[in-house]
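I opened this notebook to record what I looked up, one element at a time.

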Amino acid sequence: MGDTLTFTVNHRLARYLFCNHSEQQIKSGKKAWETPPIHEIKSWFKSQWLLLNSDRYLLSETQSIKIWETIIKNSSEKQQQTNQQGLTNQWNLLNKYSAAKRASEAYSLLKEFQIRIQKLSDYPLSEENELFIKWVQKFDEFLDQNKAISSASLIDEVCKGMKNNQILIPESIELQGFEEITPQLQTWLDFLISKKSRITLTPDPNDNLPSLIKEALPDKSVNIYSFNDLKDESKNCANWVRSIFEGDQKVGIVVPDLENYRRILHKELFSNLDPQSIFPFEKRDVPFEISLGTPLSKEGMIQTALEIISAQRNIPVDKLLHIVNSPHIKSGRSDEDNRNEFETRILKEGFLTTNLEQIKKQFTEESSSEIKKVIDLLIDLTRNNLNQTPSLWAKFFSTLLKNLGWIFGSDKSFSSHEIQCLSSWNECLDDLASLDMFSGKMTRDEAIKELQQITSNKLFQIKTKEQSIQILGLLESVGMTFDYLWVMGCHSECMPAQPNPNPFIPIDLRKKLNLPHSNSERELQFAERALSRLVASSQNIIFSYPKRDKDNEKQVTPLLDCIPTSTEFPYKKSHRLRDHISSLGQKKLELWKDESKIPPSDYEIEEFTNNGLRAGYKVIKNQADCSFKAFASHRLQADIFELSVSDYDSRHRGILIHKALQLFWDKHRTLNALQSLDSTNTLRNELERVINKAMQVATDRIKNQHHFKTMEQERTISLLIGWMEQELRRNEFEVKHVEKNEVIIIKNLKLNLRIDRIDITPEGKIILIDYKTGSINSNSWFKDQIQDPQLPLYTLKLSPNAIAFANISQDNLKWRSIYDPTIPNPFPPNSNVRIPAEMQVEIGWPSWNNLLRYWENKLNPLAEGFTKGQIQINPIKKNETCRNCGYSMLCRIAENTSNENNLEN
């Protein structure tokens, strides 16, 4: 390369040329050599501008967009103030950040194509164009007043420096990978030519590449394949790579729509090139690299940092637990027992959100727990209500994270990935700090919003050694050559791409200058040139496309019509672990059968027979639903902690109604008492009293939510007034017991029960009542396997003459009952449950004693199965039971029916 400066269109090509040069030097026997002068062109211009020692400073992209955003915001507010009709102008509704970004892009186009802002007025202008002209004038004024320059003007500034002999003029330069030379860049090149500099363009954008016609490809292996969908295409591409790759070839996978393919292609290449890498404990290197980075905000350790600094005093429980358990801070790397205890305690409370001040009270002042330290620091954070500059916020956030042990500490060694991630995060903090002169002071929320935007826009690409297999976008592949090349996603909707013109440039001007992405003709020319370049870059080429993407049919791009689509794809052999496991199914494997029973220990037998289980009827209900569920819940003591959809859900409403009715019937025990309240119009007042008292006793979840509490009181009053109308329709009764505790022994299984209510009729007949505030299914009392055994179980203890569900739910107030046919109906008409005809024969109905014996015969095997240790996975209603069960990770029933091997996911 000699003294020639080589400029590349992007960093990827510069790295590629560096590696190629190093390989050539090694092959020639050299052990040391001079670093070749290869530069990404924008970086070089920036380095040369710094040599000027100018009194002006260069705006970063973050600063530039912030200025545009401020200009747009001020313009929008001014428009709103001058709106005579008092209507909100449509520009007040736009996303100001997105508008600022597009305005910045439009400004760069003006500079690159040397369009003076005054020239825009020579064309028909839309409202967007007129606004943009005003914004540009404000932007240029800001640059002049603050002695700043935009990165879009770097080439012009460097050219001025060379004219003034402040920057050395290179004798020879080579431009590699440029498919277009903008007028701005051409002006600089013309100046160099006038100074006798040698200019080489590789390739020359003005040269016409050969068209893609069949006759032009006789010496190349070119094939087109279609696949079912994107996943199938990626899987077969991985098969191909594994088949042809031998370690020293350069393999390219070019994907125009790389963002859409990235995740699935990464997964398939990993699982095919190194099947063992799918296991989480395997940390292995594979010889491929994807050029497209991901937003820094998507990285796990950055997500943790953003969650911490954005914490509020009332914090969602799942967010708090995520922070405390995060391995990226010290608390998540230590105190495992304390963390488990803390998580259990928080989840048992059942709140969606929790107050940090209340959490702090759970720890003693002497506690040295890392969790307490997290809580203390988060409280200090939430108390910071200062308005301060972005740089002070950046320093504050950095100190807070360091105190939490975020990516700091001697208790952990950090990977290269984490260190590079930290470096990118620090760059983002620097960007935040650089907003001081543009934003002034701001609140914590405003600072966090800026930082979230910065981290979302910053792409993170981990730096590794140059890999033999490269996954690239169309632009990144410019200037590279490959031994083997696969171009994916070549369907008509992607090549050529849809135009994406900048709305701030007048339409006629876009057409006249043929600006990037301005029209279909421009995109067609780009796609044709890109395909021709790719074909020239390798002797072995595969084009592919998915026949379907989601619900959309796809067709191969017409630009490849000259190449016939191949029918049989030859590279079908897969090395994925899942495919090898499935192939073993045809061989004779050792069979292993789960034991259907785990006999209880002596300790458990003591609990079952003497002490009794507090869960009561739920033991029998779970055993009826699925014996494994009963085993997990009542023998393994595996608690289920599920976050409710709200802080006050149907379960808490049920508790409130139970408590209110208990208080009511404790005082007013007879139908006569109820009728008296109704006739004197005091029933509502009495219900208000018991409901208010029940709220104080049963729950404090909404005590600080005055409006919601009032609404909930009115809802409950209305509901219970409606229910009392159902009670008034009954014959005379007396409430003998409410919330009565009982003990029952069934097949040596001792259960502690609580019966909602026991009524007595004037004839001395016993009625068992259970309140239900959700859906009920009393027909399940008469099935071969009883699905809701609560009331039938109570009958074994008390031998009642009637049982009933009191269904107390909105728009569904009714009794569902069954009683001894030899006594008067103790419930309103049409509330009796009808026994199916076929079951009447089996039960021996209409004998009430026969029904009680039937229930006893159905419940005894359930109790016996539990005490003998039955653990079969036998859900009574597979879909419904398993959907509502929290033990699916223990029983793994889904793995028996899934067509996908979860090992790969």
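I first looked up what covers the buried residues of helix H2, and the covering elements include strand E1 (5-8), strand E2 (38-40), strand E3 (57-58), strand E4 (148-149), helix H6 (154-163) and helix H7 (183-194). Contact here means heavy atoms within 4.5 Å, and helices (H or I, at least four residues) and strands (E, at least two) are DSSP runs numbered from the N terminus. The model is a predicted one, in which local features need pLDDT of at least 70 and side-chain atom pairs count only at pLDDT 80 or more, whereas totals for chains, interfaces and linings use all residues. Residues are numbered from 1 along each chain as its sequence is written, and side-chain values use heavy atoms, with hydrogens and water left out.

I then listed the buried residues of H2 (residues 41-50), which are Ile41, Trp44, Phe45, Gln48 and Trp49; buried means under 20% relative accessible area and exposed over 50%, with partly exposed in between (1.4 Å probe, protein chains only). These residues lie on the same side of H2 because they cover an arc of only 135° around the axis, the arc being that of the directions from the helix axis to the C-beta atoms. On the face turned away from the buried side of H2, I found the exposed residues Lys42 and Leu50.

Next I turned to an open sheet of 5 strands, which has mixed pairing and the order E19-E20-E21-E22-E23; two strands pair if DSSP finds at least two bridges between them. Strand E19 (734-746) and strand E23 (812-819) are its edge strands, each pairing on one side only.
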